[in-house]
Amino acid sequence: MIDRQIEARGVRSKTVLDALRKVPRELFLPENLREFAYQDSPLPIAADQTISQPFIVALMTEALDLEGGETVLEIGTGSGYAAAILAEIAGQVYTVERIGQLAEKANTTLKALGYQNVHVVHADGSLGWPPGSPYDAIIVAAGGPVVPASLKRQLKMGGRLVMPVGNSPRSQELVRITRVADEKFKSEDLLDVCFVPLVGKEGWASTAHRFSMNHARPRIRLTPKS
Ligand code: SAH
């Protein structure tokens, strides 16, 4: 899967590809879905949420430009799969999940695999996680209407943030923000995606609409915009 679907589609970072090769994705899935672990697609986990598509996890991680040793914040732990990929590269990973049941399960999986440098937090991640800040990089695995101001504040100077942003809870543009000065942020559009909504104080107000797997499947534009 890594060679044929992820590297072939343009993810070039050896650091990221090596991390993907090390993490057993099947262990983050419900038992009845484990046979699909190495198809490059999102899959349902508990509480109507999804484990992201490996290609998207790879692309977002590559966009964070990690070299190793960084402090990273992830919003939307879900299964914990992306947190494990980040933990293979970064020094410390704080990952925040709003659904208690998912946070607990992900924590158990990550600890069973021996990840000591991942800290799973049950909270509203649209507000970031100030105790671990400032962060070298922030990755948001759920789509919001704007990049939360709290997240921008918790980014180090020169830090990168990758997040799906869109004015509909169902379709977003993946953007990368770089903090270039205290109050100055550079923004780049990477590609069109479709993530589950970021629900919280600085995200969408509620899960009033139901989001099915079809809506959670990223629509990939193969060539990222420059
Ligand atoms: N990274 C995950 C996929 C996450 S799916 C993986 O690798 O499996 C998006 C997750 O974001 C869902 O679990 C959802 O509950 C969570 N989420 C949505 N809004 C959130 C918020 N405000 N704070 C924290 N988590 C949130």
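The exercises below, each with a worked solution, look at a predicted model of a protein with a ligand.

Residues are numbered from 1 along each chain as its sequence is written, and side-chain values use heavy atoms, with hydrogens and water left out. Because the model is predicted, local features need pLDDT of at least 70 and side-chain atom pairs count only at pLDDT 80 or more, while totals for chains, interfaces and linings use all residues.

**Exercise 1.** Find how many residues surround the ligand, and describe them by class.

Solution. Next, sort the shell by class: 14 residues are nonpolar, nine are polar and four are charged. In this scheme Ala, Val, Leu, Ile, Met, Phe, Trp, Tyr, Cys and Pro count as nonpolar, Asp, Glu, Lys and Arg as charged, and the others, Gly among them, as polar.

**Exercise 2.** Find which residues place an N or O atom at 3.1 Å, 3.2 Å or 2.8 Å from a nitrogen atom of the ligand.

Solution. Look for polar contacts, that is, pairs of N or O atoms within 3.5 Å. Finally, consider the cover: of the 580 Å² of accessible area that the ligand has on its own, the protein covers 100%, as calculated by the Shrake-Rupley method with a 1.4 Å probe.

**Exercise 3.** Decide whether helix α3 (residues 54–63) and α4 (81–89) are parallel or oblique to each other.

Solution. The axes, which are lines fitted to C-alpha atoms over the stretch in contact, with angles from 0 to 180 degrees between N-to-C directions, come within 11 Å and cross at roughly 40 degrees. Angles under 35 degrees count as roughly parallel, over 145 as roughly antiparallel, 65 to 115 as roughly perpendicular and the rest as oblique, and α3 and α4 are therefore oblique to each other.

**Exercise 4.** Locate the cis peptide bond.

Solution. The bond joins Ser 133 and Pro 134, with omega about 0 degrees. Pro 134 lies in the loop between β5 (118–122) and β6 (135–140).

Technical notes
A polar contact is a pair of N or O atoms within 3.5 Å; within protein, one must be able to donate a hydrogen and the other to accept it, and residues adjacent in sequence count only if both atoms are side-chain atoms. Helices (H or I, at least four residues) and strands (E, at least two) are DSSP runs, numbered from the N terminus.
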